[in-house]
Protein chains: 2
Amino acid sequence: MLSLTEENYLKAIYHLSDGGAKAVLTNALAVAMNTKAASVTDMIKKLSAKEVITYEKYYGVNVTPKGKTEALMVIRKHRLWETFLVDKLGFAWDEVHEVAEQLEHINSPRLIEKLDEFLGYPKVDPHGDPIPDHKGKIKIQPQVPVDQLQIGFQGKIAAVKDSDSNLLKYLDKIGARPGVKIKVLGKEEYDESMEILIDDHRVFISKAVSQNILVVG
Amino acid sequence: MLSLTEENYLKAIYHLSDGGAKAVLTNALAVAMNTKAASVTDMIKKLSAKEVITYEKYYGVNVTPKGKTEALMVIRKHRLWETFLVDKLGFAWDEVHEVAEQLEHINSPRLIEKLDEFLGYPKVDPHGDPIPDHKGKIKIQPQVPVDQLQIGFQGKIAAVKDSDSNLLKYLDKIGARPGVKIKVLGKEEYDESMEILIDDHRVFISKAVSQNILVVG
DNA sequence: GTAAAATTTTAGATTAGTCTAAAAAATAAT
DNA sequence: ATTATTTTTTAGACTAATCTAAAATTTTAC
Ligand SMILES: [Mn+2]
Ligand SMILES: [Mn+2]
Ligand SMILES: [Mn+2]
Ligand SMILES: [Mn+2]
């Protein structure tokens, strides 16, 4: 149905739209896909023809219900493969995203169901991101990035951004993994750096880092 | 280096050339790739430019040492993935070839080494075909198709052709699996059907079947 | 050893995905 | 409310992979 390239565009649109909540503009998609606006316009016409998005000229695109399901299937595959690579093959969590970008396009419903079973039906991937089930159902709990928290906040790390290997290596070093408890001790006005407690261990993190750690109350 | 399509052509050339032993003609490749001779000519020019084959106009192509290594790496991936699907995910041996055709093009040296380790460095795939090691080394023992055997021959099934799902289901039913002992009892001149003993169980097989079972002495 | 047949290559087109440069539309500024 | 700026779309061109039809070459037949 969708080509590899079309799947990647649709996935990016889904993410940029916050799961289908808002419209996505041409330039935003061009940045996300590391391509030019003209190429994006061409592609969104194709995706629109395939009825996975709706397109209003000059006003961006929206994901259709059909498109949302398709995007969630690609995301399901991506996250199941990342889980496989870490849990079964012993990859580090910063090494899996690139490979999963390839594996997510393997087309075999039977394979992905068998893989899900083999992994024990995991609920989240190695970075804490929820894995949609075989119907595309995904459990989203409201996650807040650390840089938006008040001083004194206490909670648990839910997930971290998975696409930057160096960030993940650093997060691993300071113990910032999904499930670990976190508390905000202080915030520096000047550079928005923060002092936080990660599993009772005190660390200072820059805004670049605090934006990429997501917590739940 | 090579595109997915180029990898598929190179693999087909390698197989048709009997592991690099003989030249491959345009039409033979067109049949194998299910495409037209004109398309093959275009592609072999590209593969020739990338120095994985040598090309003499009107006289076919030969695999270079570099091309042989690249072909063996694709075959290595294909057979490791088939082994994974059967041994770890519980696929039947007739269900894996199509999926492996996709998975063989995933590009990640680390992934394939980890997978090899996870599978316990298997020597053969589910159909009995040898798996090249990480250096491309492959152990080839002279295998003979059953239809070419003399009456009275005794030996062991080494491998079976893996690309036809219905054939594999039938072979499974008559117990014709790699490792099983086999003996030729008789041969019918008219239709070249044969009477054979598979693991001491007497069966009659057509030429279409006997061609696809490979044995060692 | 020339003519017919088969094989292979070339020529010209098509589709997917991309690009640059120019035109069109929307947004911001005066 | 025009003008200027930014954003988006269109136009035209390029590469990879494919096709059909025609030309070139090799092989087979007589
Ligand atoms: Mn990822
Ligand atoms: Mn992808
Ligand atoms: Mn196979
Ligand atoms: Mn393939």
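How much area do chain B and chain A bury between them, and what share of it is on carbon and sulfur atoms? The two chains bury about 1700 Å², with 70% of that on carbon and sulfur atoms. This is a predicted model.

**The interface**

In chain B, 20 residues are in contact with 20 residues of chain A. There are 2 salt bridges between the chains. One of them joins Glu95(B) to Arg110(A), with the closest N and O atoms 3.1 Å apart. On the side of chain B that touches chain A, the elements giving two or more residues are α4, α5 and α6 (109-118) of chain B. The largest share, 5 residues, comes from α6(B). By type, the residues on this side of chain B divide into 11 nonpolar, 5 polar and 4 charged.

Now the other chain. The buried residues of α6(A) are Leu111(A), Ile112(A), Lys114(A), Leu115(A) and Asp116(A). They pack against α4 of chain A, and also against α4 (65-87) and α5 (97-103) of chain B. Just after α6(A) comes Gly120(A), with a positive phi of about 80 degrees.

**The manganese sites**

| Ion | Protein donors | Distance | Spacing |
|---|---|---|---|
| Manganese ion (ligand 1) | His78(A) (NE2), Glu82(A) (OE), His97(A) (ND1), Asp162(A) (OD) | 1.9 to 2.1 Å | H-x3-E-x14-H-x64-D |
| Manganese ion (ligand 2) | Asn8(A) (OD1), Glu101(A) (OE), Glu104(A) (OE), His105(A) (NE2) | 1.8 to 2.5 Å | N-x92-E-x2-E-H |

Take the manganese ion (ligand 1), which is coordinated by Glu82(A) and Asp162(A), among others. Glu82(A) lies in helix α4 (residues 65-87) of chain A, and Asp162(A) in the loop between β4 (154-160) and α7 (165-173), so this pair ties together parts 80 residues apart in sequence.

The manganese ion (ligand 2) has Asn8(A) and Glu104(A) among its protein donors. This pair links distant parts of the chain: Asn8(A) sits in helix α1 (residues 4-16) of chain A, while Glu104(A) is in the loop between α5 (97-103) and α6 (109-118), 96 residues apart. Both Asn8(A) and Glu104(A) are buried.

Methods
Residues are numbered from 1 along each chain as its sequence is written. Chains are lettered from A and ligands numbered from 1 in the order in which they are written. This is a predicted model: local features need pLDDT of at least 70, side-chain atom pairs count only at pLDDT 80 or more; totals for chains, interfaces and linings use all residues. Side-chain values use heavy atoms; hydrogens and water are left out. Donors are N, O and S atoms within 2.8 Å of the metal (3.2 Å for Na, K and Ca); water is not among the atoms, so sites may look incomplete. Helices (H or I, at least four residues) and strands (E, at least two) are DSSP runs, numbered from the N terminus. Buried means under 20% relative accessible area, exposed over 50%, partly exposed in between (1.4 Å probe, protein chains only). Contact means heavy atoms within 4.5 Å. Buried area is the accessible area (1.4 Å probe) that two parts lose on being put together, summed over both. A salt bridge is a side-chain nitrogen of Lys or Arg within 4 Å of a carboxyl oxygen of Asp or Glu. Ala, Val, Leu, Ile, Met, Phe, Trp, Tyr, Cys and Pro count as nonpolar, Asp, Glu, Lys and Arg as charged, and the others, Gly among them, as polar.
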